[in-house]
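Please read the report below alongside the sequence and the 3D view.

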Amino acid sequence: MGLAKRIIPCLDVTAGRVVKGTNFVDLRDAGDPVEIARRYDDQGADEVTFLDITASSDQRDIILHIVEACASQVFIPLTVGGGVRTVADVRRLLNAGADKVSMNTAAVNNPDLVADASAKVGNQCIVVAIDAKQVAPGKWEVFTHGGRNRTGLDAVEWARRVQQLGAGEILLTSMDRDGTKNGFDLALTRAVSDAVDIPVIASGGVGNLQHLADGVSIGGADAVLAASIFHFGEYTVRQAKEFMRDRGIEVRL
Amino acid sequence: MANKAGMVAVIDYGMGNLRSVWQALVHVAEGREVIVTADPDIVASAERVVFPGQGAMPDCMRELDARGLRPVVLDAARNKPFLGICIGLQMLFEHSEEGDVSGLGVFSGCVRLFPPEKMFAASGGRLKVPHMGWNEVAQCRAHPLWSRIGNGARFYFVHSYFVDPVDRDCAVGMTDYGIPFTSAVARDNIFAIQCHPEKSAQAGLALLSNFMKWVP
């Protein structure tokens with residue numbers, strides 16, 4: 001026995017509410033973030049991730065209050081991302097109660113941010129989120145701004161680079177699969193997992209429990225992240241863990 | 001200064017965010033006061049002391065000394081219910097491979113890096129370092145702080161170094177990650193653990209609650 005593979009429910013938060021869209025658009029309201037995080041904790045979630053997809057900067061501080069409320073009631077690791085641009089942003093989120101902070105667009109625009117933040121708060125607190133889209137067989141490109149802008153960066157190369165810069169973990173999302181319920185892009189997950197020594201969280205496309213198991217056993221992910229299958233009550237986190245355990249995957253139950 | 005009844009001091013030497021530790025302790029405090037402090041007088045007046053740590057051990061030792069907290073930490077480790085967490089466990093040892101730095105020497109032994117040549121799972125897969133996530137803690141010795149926690153319960157870990165005590169009798173918890181390592185030690189009034197009880201859901205809260213009531 002040893003380290004368990006992690007199941008991480010993800011909550012996309014805008015203007016203080018949890019929403020879930022398909023391919024990053026068409027948002028549906030799914031409830032109060034703190035209440036949902038508590039429910040996942042009760043079900044045995046290994047961590048919870050909040051992605052703040054609020055567009056307007058004047059509503060950004062709402063996420064700090066949500067993080068504070070969550071951290072006072074939920075005693076599992078909490079990762080927060082979305083709109084993080086500076087080391088000061090990282091500090092604010094950690095001080096509000098986040099354990100890890102995830103950065104995406106800002107890391108691409110300013111790779112020094114990853115290095116600076118990691119040096120200041122430790123690499124265990126820094127997650128780099130990579131949104132990748134397949135551009136050729138066995139080749140994926142990094143996109144930013146919620147999938148709107150292409151960067152010209154190769155996803156596997158970028159994963160290696162952010163590890164060198166000081167990322168402690170990679171949150172890897174397949175843009176092609178996100179919201180489709182067709183399962184993770186397993187080739188992408190495997191390529192990135194094999195390329196780095198830091199943990200990789202697979203994300204994007206989970207529609208059933210087999211997809212979660214595949215992310216670990218075929219994709220080689222250290223953790224699997226899903227949103228809608230948990231939000232809309234199709235499965236509980238506990239069901240997901242029992243399913244994975246029955247397939248020989250070590251989980252915390 | 002007399003001990004302030006029930007007060008718990010969380011020692012803040014400027015390394016990392018102690019809010020999670022504070023919040024989890026408050027959650028189980030049952031009205032006791034929990035103070036995050038860098039003031040040696042407050043630490044000295046506390047009934048019990050929590051010694052957390054985050055980041056790299058050389059930085060932690062430097063900041064501890066820069067704030068003049070070493071004497072009061074050593075005093076607490078001799079006299080009061082004392083809980084070390086993560087780097088707060090490692091700093092109690094004599095020496096760390098991380099930055100080749102000396103620790104407080106409360107326990108004999110070293111802090112070592114997970115050996116790269118041993119980092120393979122039973123299935124043959126490579127084990128990543130840092131050791132991050134939920135792993136089992138085998139209770140190799142009975143202790144009041146294990147009360148209501150199942151033997152082998154999982155706790156949340158994030159670390160690249162582990163303690164290697166000279167006196168094996170102080171080990172109360174063992175965990176496997178490539179190699180078996182000591183994940184918790186205890187002696188007299190001291191209990192110290194490598195994982196993060198403040199982030200370990202029910203098992204972690206039970207441990208903190210046990211600490212709050214512990215009469216060594």
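The text below treats each chain, then the contact between the chains, and then some backbone details.

This is a predicted model, in which local features need pLDDT of at least 70, side-chain atom pairs count only at pLDDT 80 or more, and totals for chains, interfaces and linings use all residues. Residues are numbered from 1 along each chain as its sequence is written, chains are lettered from A and ligands numbered from 1 in the order in which they are written, and side-chain values use heavy atoms, with hydrogens and water left out.

**The two chains**

Chain A contains ten helices and twelve strands. Helices (H or I, at least four residues) and strands (E, at least two) are DSSP runs, numbered from the N terminus. The radius of gyration of chain A is 16 Å, close to the 18 Å that the globule rule gives for 253 residues, so chain A is as compact as a globular protein of that length. This radius is taken over C-alpha atoms, and the globule rule is 2.2 Å times the number of residues to the power 0.38. Along the principal axes, the C-alpha atoms of chain A fill a box of roughly 45 × 40 × 40 Å.

Chain B has six helices and 14 strands. A compact globule of 216 residues would have a radius of gyration near 17 Å, and the 16 Å of chain B agrees with this. The C-alpha trace of chain B spans about 55 × 35 × 30 Å along its principal axes.

The table sets out further values for each chain.

| Chain | Buried residues | Exposed area | Share of that area from carbon and sulfur |

Buried means under 20% relative accessible area, exposed over 50%, and partly exposed in between (1.4 Å probe, protein chains only).

Contact means heavy atoms within 4.5 Å. Among contacts between residues at least 6 apart in sequence, 66% in chain A join residues at least 24 apart; for chain B the figure is 71%.

Chain A carries 27 positive and 33 negative side chains, and the centres of the two sets lie 1 Å apart. In chain B there are 20 positive and 22 negative side chains, with the two centres 5 Å apart. Lys and Arg count as positive and Asp and Glu as negative, while His and the chain ends are not counted. The place of a charge is taken as NZ of Lys, CZ of Arg, CG of Asp or CD of Glu.

**Where the chains meet**

In the model, 36 residues of chain A are in contact with 27 residues of chain B. The two chains bury about 2,500 Å² between them, 51% of it on carbon and sulfur atoms. On the chain A side, A:Leu3, A:Phe75 and A:Arg252 lose the most area to chain B, together 29% of what that side buries. Buried area is the accessible area (1.4 Å probe) that two parts lose on being put together, summed over both.

**Backbone details**

A:Ala15 is not a glycine, yet has a positive phi of about 50°. A:Ala15 sits in the loop between strand E1 (6-14) and strand E2 (17-22) of chain A, and counts as partly exposed because its relative accessibility is 39%.

B:Glu30, also a residue other than glycine, has a positive phi near 50°. B:Glu30 belongs to the loop between helix H1 (19-28) and strand E2 (34-37) of chain B. With 61% relative accessibility, B:Glu30 counts as exposed.

A cis peptide bond, with omega about 10°, joins B:Val129 and B:Pro130. B:Pro130 lies in the loop between strand E7 (109-113) and strand E8 (131-136) of chain B.
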